Amino acid sequence: MSLAKNVRPMNRHRNGRHGAKYTGNQSKRLRPKSKSHPKRGKKSPAGNLKAKAPRWAATGRGTWRKEVQRVLITEEQIEKRIKILARDIERDFHGREMVVVSLLNGTVMFLADLMRHLNLPLRLDFMGVSSYGSGTESGELVFTKELRLDVRGRDVLLIDDILDTGKTLRHVLPKLRALKPRRIKICVLLDKPSRRIENIHADYAGFEIPDDFVVGYGLDFAERYRNLPFVGVLHPHVYKQACKQICRK
Ligand code: PRP
């Protein structure tokens, strides 16, 4: 994501509670066996992660705490939503020759998690597209990788991490259509309708989000934060600082 993306944070959206609870409704088979629980203070066989620690705590939350203002969408919320998206996609693509076309680089985590829940025969390919901007201005779109699979007559599921202004998909769609697929359906993890400039609509959208500067779960700021397992709101001081440095050059 270039520096130009979503630089007006708003507080319209509040994330819910973090962490999925064990409700007691799970089948016996899924219940954790008490004897396999590590005792307080002792290490589990797999390492020293305690059973109740949030998963992202192990990824060095402390490192990001000063840079990520808050968690907007938790790992658990993403996981739950992706399963629902996968079921919708399966229903719509049932019996079809499906080609998943994923846009690099931001889709890596979303794609990997979505695909493992898609119980359909499919082919996978990537298109590389990136916007190169300077300062806070939106940059030119550059294709960095072309599609190699033949999509002619096939059903394409086009995956992107975020639908923001819509400029990226406006450039990608004609390129794909020229390859004569039977149809193209668009699937995005995040949809930010308040920023839309182009008339682009996602067929499957994970979460509608406000105009916050979001990072994590594949989304970057200046190529950082892609490895965060949740979607978080970047603290304004981070991108303001970066803008200052660029503007000085
Ligand atoms: C980001 C994101 C989307 C695009 C959405 O890509 O991955 O593809 O911006 O914005 P838009 O709707 O305003 O076009 P970016 O060019 O930053 O590359 P990346 O995927 O490598 O982060």
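In what follows, Ala, Val, Leu, Ile, Met, Phe, Trp, Tyr, Cys and Pro count as nonpolar, Asp, Glu, Lys and Arg as charged, and the others, Gly among them, as polar. The model is predicted, with local features needing pLDDT of at least 70 and side-chain atom pairs counting only at pLDDT 80 or more, while totals for chains, interfaces and linings use all residues. Numbering starts from 1 along each chain as its sequence is written.

Let us begin with the overall layout. The protein has 5 helices and 9 strands; helices (H or I, at least four residues) and strands (E, at least two) are DSSP runs, numbered from the N terminus. Along the sequence these elements follow the pattern α-β-α-β-α-β-β-β-α-β-β-β-β-α. Of the 249 residues, 29% are buried, a term for residues with 20 or more other C-beta atoms within 10 Å of their own; exposed residues have 12 or fewer, partly exposed ones lie in between, and C-beta atoms are placed from the backbone. Among contacts with a separation of 6 or more, 71% link residues 24 or more positions apart, where a contact requires C-beta atoms, placed from the backbone, within 7 Å.

We turn next to the ligand. The shell around the ligand holds 17 residues, of which Asn 105, Gly 106, Asp 164, Thr 165 and Thr 168 come nearest; a residue is near a molecule or strand if its C-beta atom, placed from the backbone, lies within 6 Å of it. Two or more residues of this shell are given by each of β3 (122-132), β5 (155-163) and α4 (167-177), and β5 supplies the largest share, 4 residues. By type, the shell comprises 4 nonpolar, 8 polar and 5 charged residues. Asn 105 sits in the loop between β2 and α3 and is joined to Leu 104 by a cis peptide bond, with omega of about 0°.

The interior comes next. A nonpolar core is a set of buried Ala, Val, Leu, Ile, Met, Phe, Trp, Tyr and Cys residues joined through C-beta atoms within 7 Å. The largest such core has 51 residues, and those with the most contacts inside it are Leu 157, Ile 159, Cys 187, Val 188, Val 214, Val 215 and Val 231. Strand β5 gives the largest share of this core, 6 residues. Leaving aside residues up to four places away in sequence, Val 188 touches Asp 160, Asp 161, Ile 162, Leu 163, Ala 202, Ala 205 and Gly 206. Val 231, in strand β9, is buried because 29 other C-beta atoms lie within 10 Å. Val 231 and Val 215 are 16 residues apart along the chain, and their C-alpha atoms are separated by 5.7 Å.

The buried residues of α2 are Glu 75, Gln 77, Ile 78, Leu 85, Ala 86, Ile 89 and Phe 93. They lie on the same side of α2 because they cover an arc of only 165° around the axis, the arc being that of the directions from the helix axis to the C-beta atoms. Their cover includes β1 (68-73), β2 (98-104), α3 (108-115), β5, β6 (183-191) and β7 (204-208). On the face turned away from the buried side are the exposed residues Lys 80, Lys 83, Ile 84, Asp 88 and Arg 91. Just after the helix, Gly 95 takes a positive phi of about 80°.

Arg 226 is found between β8 (214-215) and β9 (231-234) and is partly exposed, since 18 other C-beta atoms lie within 10 Å. Beyond residues up to four places away in sequence, Arg 226 touches Gly 218, Leu 219 and Asp 220. Arg 226 and Met 109 are 117 residues apart in sequence and 8.6 Å apart in space, C-alpha to C-alpha. Ala 222 also belongs to the loop between β8 and β9; its phi is near 50°, a positive value in a residue other than glycine. With 14 other C-beta atoms within 10 Å, Ala 222 is partly exposed. Glu 223, in the loop between β8 and β9, has a positive phi near 70° and is exposed, with 8 other C-beta atoms within 10 Å.

Methods. Contact = placed C-beta atoms within 7 Å.
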